[in-house]
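Hi,

Here is the structure I promised to pass on. Please open it first, then read my notes below.

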Amino acid sequence: MRVSIINLNMVAQDAIGQCMLNQTRFFRRRGDEVKIYLAHPPQGLPTNITTLAMGADGLLAGRDEHFASSNLYIYHYPGRYPFIESIKTIDRGAVIFYYHNVTPPELWGSDSDRHLLVEGQQGVAELTPFADILVTDSPYNATELVEKYGCEADRVRTLPLAVLLDQFNPGPKEHMLIKKYNLFGRKVILFVGRMAGNKRVDLLIEALPLVQQHVPNATLMLVGDHQGNLAIQEVVSRAKARAIELGVINDVIFTGSVNTLPPYYRLADVYATASLHEGFGVPLIEAMASGLPIVASRVTTHPWVIGEAGLLAEPENVADLAAKLVQVLTDDQLCGNLVQHGLTRARQFSLEQYEENWARIINEATAWLPNQPYPRLRSLTTQTDNAPINTSEIPKERTIAIAPEILLASGLKELESTADVMIRGYVVRSKMPIFGPLIAWLRRNLTSHLREPYLDPMLERQVSFNWRVIGWLKYIQNVWSTMLAKERHQTDSRFQALENEIKELREQIAELKKQQ
Amino acid sequence: MRLLHVTHQYRPAIGGAERYITDLSEELARRGHQVDVFTSRSQDYLTWHNALPYFEQLDGVNIYRFNSLPRNGLAWRALEYGFRHYWQTRHRFYEPFIFYGSGPVCLGMLDAILRDAHKYDLIHISQLHYSHSFTAYLAACQRHLPIVITPLLHAEQRETYDIGYLQTILKGSQTILTLTTAEKQYLVKLGYDNEIIVSGSGLQLRDFPPLDKQTCRAQFNLPANGFVMLFLGRKTVYKGLDKCLEAFVTLRQQRNDIYFLAVGPETEFSTQLWQRYQGLEGLIVRGTASNEERLAALAACDVLAMPSTGESFGIVYLEAWAYHKAVIGANINAVASLIRDDVDGLLVEPHSITYSTRGLLAHQLNYLADHPEIAQRMGQHGRAKLEQRYTVEHIADIVEGTYARTIRRKNSFK
């Protein structure tokens with residue numbers, strides 16, 4: 001199958017870029033031919049993926065051969081960009097519209113670039129009707145597509161983004177960072193994300209003096225792009241001015257963009273966000289996976305993402321936000337419970353889960369396409385093509401352990417659906433008006449001497465052979481799945497035992513602290 | 001895209017279905033698509049009288065009109081005979097009678113589609129239950145043109161969908177466009193597994209310019225401060241005019257600041273009603289109204305009360321929302337999927353016993369008269385909903401996308 005993935009840009013560090021990377025790897029493992037069409041050059045991607053990316057200039061003009069002959073098109077939508085209009089020109093194949101939500105213009109906090117958000121919102125209603133299936137990251141986005149943009153509920157699929165859980169896990173605070181930011185003996189309230197208007201970092205700053213009344217050593221650490229564009233710069237300068245007014249500027253750290261996030265999560269005591277609008281919220285999951293309790297505003301996707309792993313504050317209510325932060329920072333038992341729930345919740349956003357559901361969506365979207373080639377099993381042995389290059393990659397061991405299982409299951413399903421190579425529903429027709437039925441009758445009867453004694457029996461033998469092969473493959477899959485399930489069960493038990501051990505150790509540390 | 005729209009009647013003929021296809025065709029033509037319309041020469045579905053020109057070009061749309069057989073006494077008798085026996089026996093023998101009686105039977109249209117089908121990427125048939133739909137369907141199938149249909153069926157009226165050849169059309173179409181989710185759910189319930197898309201119907205907001213409420217009230221001799229309920233539409237039995245009058249009489253006994261403005265073509269039923277309620281104070285009646293009068297009536301009222309039980313969509317509610325007015329509709333499937341009770345309007349139970357229905361409608365009206373701020377808020381919510389979901393541009397977005405998907409599917413098998 002030929003697949004075209006289209007977006008404005010592809011940055012390995014951001015959520016959509018990571019999502020596209022996961023999808024590309026998924027298709028390559030299946031043996032599909034993938035190309036990625038971007039307006040801006042990709043950033044931070046492994047070289048084997050970078051070679052698949054190309055400029056999107058030729059799309060609207062229909063000059064690109066791969067694009068023109070693709071079987072599946074995946075349009076990512078973080079906002080409207082010029083060549084997304086090519087969705088209207090596609091004349092064959094299946095189309096998926098991947099909606100990542102558009103920040104409401106009224107929450108942007110700056111006049112700069114606001115028109116882009118307005119256009120982005122208008123584009124959703126205009127472009128979604130051209131897609132066969134709409135995929136989005138959260139139930140909130142799905143509801144928005146249906147209720148706000150009038151999309152058909154039965155064409156919308158929710159597929160939460162995957163988070164690389166093996167990178168984000170609880171661990172000791174990194175001494176270098178403590179030293180760099182002078183955080184000895186400080187309680188760190190962490191926020192991660194770009195400082196856009198809707199993120200309302202100013203509310204976190206407002207809440208800080210109230211928190212410090214109960215937790216005097218509290219520090220607010222804001223990690224993420226704070227100079228990216230004019231709108232972000234405006235928001236940050238206003239927030240800094242407010243921090244000076246409140247006298248807490250020395251307790252607020254703007255780190256800017258960082259290369260590796262996990263140590264920052266490990267540095268913190270609580271993750272806080274006062275954002276008024278989120279389409280998904282990857283940092284929340286990364287924080288939960290890193291063993292942080294969460295305090296977030298009760299808006300959009302937050303209640304769904306967090307579940308029982310955090311406390312929800314009323315939106316724009318600084319006093320409530322501060323109270324919830326104090327509660328988490330001072331009540332160890334509550335904090336422990338939230339962390340436990342967070343670790344469990346984060347596991348639901350694994351790459352394995354994502355790929356399983358993504359395979360289901362792809363099968364559904366392409367089920368009607370004619371003459372789909374089988375996924376080529378050679379990809380089982382081509383893992384080296386996808387070998388990780390930088391730290392944001394998936395470890396090789398895990399890809400090998402999980403991917404073939406998913407691949408074989410989806411491959412078998414497709415093989416099964418195409419095992420019967422006979423075109424049983426085919427009816428000989430003629431396009432000729434009036435005389436059509438007569439011509440069809442003649443064609444049927446003039447070929448019956450070849451069809452009945454030779455062609456039909458040959459093809460039936462092929463069909464029965466196909467079914468026997470599939471039977472054997474299914475047997476092998478069953479045996480293999482049982483083995484893997486056993487292995488996974490053992491890993492889970494080991495993980496559980498380790499968690500219990502950590503819990504006990506923590507209790508012992510707490511007791512030791514009390515004794516001291 | 002090169003599109004062929006087939007409909008029973010087209011502008012300047014008046015009606016909801018005609019307006020739907022006219023607005024859609026013009027909007028798509030404006031977007032650069034080639035849109036041709038095949039229709040009958042009639043603007044009266046009671047006679048199918050051939051009166052309009054054979055060809056016209058209106059707002060970028062090429063309209064080709066075809067002669068149809070007249071709907072005379074024989075046709076009506078055939079229709080009645082067909083209906084009477086078809087549902088008893090379900091025998092195909094009676095279907096031609098219904099086909100002939102429903103009309104418009106345009107043989108020229110069949111020939112034209114067979115001949116010119118190669119010029120189009122897709123055929124869109126509007127209004128299922130008239131005979132043009134089967135003519136177009138046969139020709140499109142013969143020439144392997146992808147078919148999109150807007151059936152505009154009324155779940156309450158089985159003659160609009162429950163006949164063998166109509167079911168064949170629905171089954172054979174690649175995509176079905178419905179106006180409401182209720183209509184879609186009903187089709188799913190009937191077992192149709194084609195792609196069914198809710199397109200809705202829409203208004204051109206520029207057709208509803210702001211008007212001064214007091215000036216409009218003066219036009220109908222209505223006082224500036226009274227509470228005005230409006231009935232706007234053909235005054236037939238199922239539109240609920242009698243329920244509105246009963247509610248008005250009940251309310252008028254309690255308060256004299258309430259007025260009832262009834263605008264729309266008269267029928268035998270309404271004439272009888274006016275005789276019964278002759279001389280009622282606060283009642284203002286207007287017959288067939290010009291577009292300006294309709295808009296003035298909408299601007300003059302406080303609430304549109306139309307507890308109609310035979311709506312396939314209810315575009316009149318959208319018109320009221322265009323002027324920020326609250327609406328009251330009957331709690332039937334189609335209307336309930338348009339009006340959100342207590343948010344942008346109120347729903348009343350249509351099938352309760354007369355007393356409670358009357359009581360209920362009167363109660364709702366009284367509630368809005370007592371709380372004008374709630375009525376205003378509902379009107380504003382309605383207007384916001386209209387702007388977001390029910391403009392012609394939005395409907396054209398959905399239909400254009402649906403066409404593209406249908407053509408793509410067809411091409412993928414080439």
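**A strand in chain A**

A:Y77 stands opposite A:Y99 of strand β5(A). Keep in mind that this is a predicted model. The strand that holds A:Y77 is β4, residues 72-77 of chain A. It runs parallel to β5(A), and 6 bridges join the two. On β6(A), A:Y99 has A:T136 as its bridge partner. That strand covers residues 133-136 of chain A. It also runs parallel to β5(A), with 4 bridges between them.

How many residues of β5(A) are buried? The count is 6 of 6, for a strand that spans residues 94-99. A:A94, A:I96 and A:Y98 point one way. A:V95, A:F97 and A:Y99 point the other way. Both sets are buried.

**Chain A as a whole**

Chain A has 516 residues, and 52% of them count as buried. It contains 17 helices and 13 strands. Its C-alpha trace spans about 95 × 55 × 40 Å along the principal axes.

- Domain 1 takes in 2-160 + 351-384.
- Domain 2 is 175-349.
- Domain 3 is 419-499.

The centres of domain 1 and domain 3 of chain A, taken over C-alpha atoms, are 30 Å apart.

There is also a nonpolar surface patch of about 790 Å². A:M432, A:I434, A:F435, A:L438, A:W441, A:L442 and A:L446 make it up. Of these, A:L438 sits in helix α16, residues 436-446 of chain A.

**Cysteines**

How many disulfides does the whole structure hold? A search over all chains finds 0. B:C244 is a case in point: it is in no disulfide. The nearest cysteine sulfur belongs to B:C301 and is 12 Å away. B:C244 is buried, at 0% relative accessibility. In the other chain, A:C335 is buried too, at 17%.

**Salt bridges**

Side chains of opposite charge can pair when their charged atoms come close. The whole structure has 52 salt bridges over all chains. Here are some of them.

A:E85 pairs with A:R80, and the closest N and O atoms are 2.7 Å apart. A:E85 is partly exposed, at 22% relative accessibility. A:R80 is partly exposed as well, at 25%.

B:D59 and B:R11 also meet in a salt bridge, at 2.8 Å from N to O. This pair links distant parts of the chain, 48 residues apart. B:D59 is in the loop between β3 (55-58) and β4 (61-66) of chain B. B:R11 is in the loop between β1 (2-6) and α1 (16-30) of chain B. B:R11 is partly exposed, with a relative accessible area of 29%.

Buried or exposed: which is B:E95? It is buried, because its relative accessible area is 7% and the cut-off for buried is under 20%. B:E95 forms a salt bridge with B:R92, at 3.3 Å from N to O. B:R92 is exposed, with a relative accessible area of 52%.

Finally, a network of salt bridges links B:E27, B:R30, B:R31, B:D397 and B:E400.

**Backbone points in chain B**

Please look at these by eye.

- The peptide bond from B:R11 to B:P12 is cis, with omega near 10°. B:P12 is in the loop between β1 and α1 of chain B.
- The peptide bond from B:G103 to B:P104 is cis, with omega near -5°. B:P104 is in the loop between α3 (95-102) and α4 (107-116) of chain B.
- B:H144 is not a glycine, yet its phi is positive, near 55°. Its loop runs between α5 (132-142) and β6 (147-150) of chain B. B:H144 is partly exposed, at 25%.
- B:L152 has a positive phi of about 50° and is not a glycine either. It is in the loop between β6 and α6 (164-172) of chain B. B:L152 is buried, at 6% relative accessibility.

B:K184 and B:I196 are 12 residues apart along the chain. Their C-alpha atoms are separated by 6.5 Å.

Best wishes

Key. Residues are numbered from 1 along each chain as its sequence is written. Chains are lettered from A and ligands numbered from 1 in the order in which they are written. This is a predicted model: local features need pLDDT of at least 70, side-chain atom pairs count only at pLDDT 80 or more; totals for chains, interfaces and linings use all residues. Side-chain values use heavy atoms; hydrogens and water are left out. Patches are made of residues with over 30% relative accessible area and no salt bridge: like charges are joined within 9 Å, nonpolar side chains (Val, Leu, Ile, Met, Phe, Trp, Tyr) within 5 Å. Accessible areas come from the Shrake-Rupley method with a 1.4 Å probe; for residues, only the protein chains shown count as cover. A salt bridge is a side-chain nitrogen of Lys or Arg within 4 Å of a carboxyl oxygen of Asp or Glu. Buried means under 20% relative accessible area, exposed over 50%, partly exposed in between (1.4 Å probe, protein chains only). Two strands pair if DSSP finds at least two bridges between them. Domain bounds come from an automatic or database domain assignment. A disulfide is a pair of cysteine sulfur atoms within 2.5 Å.
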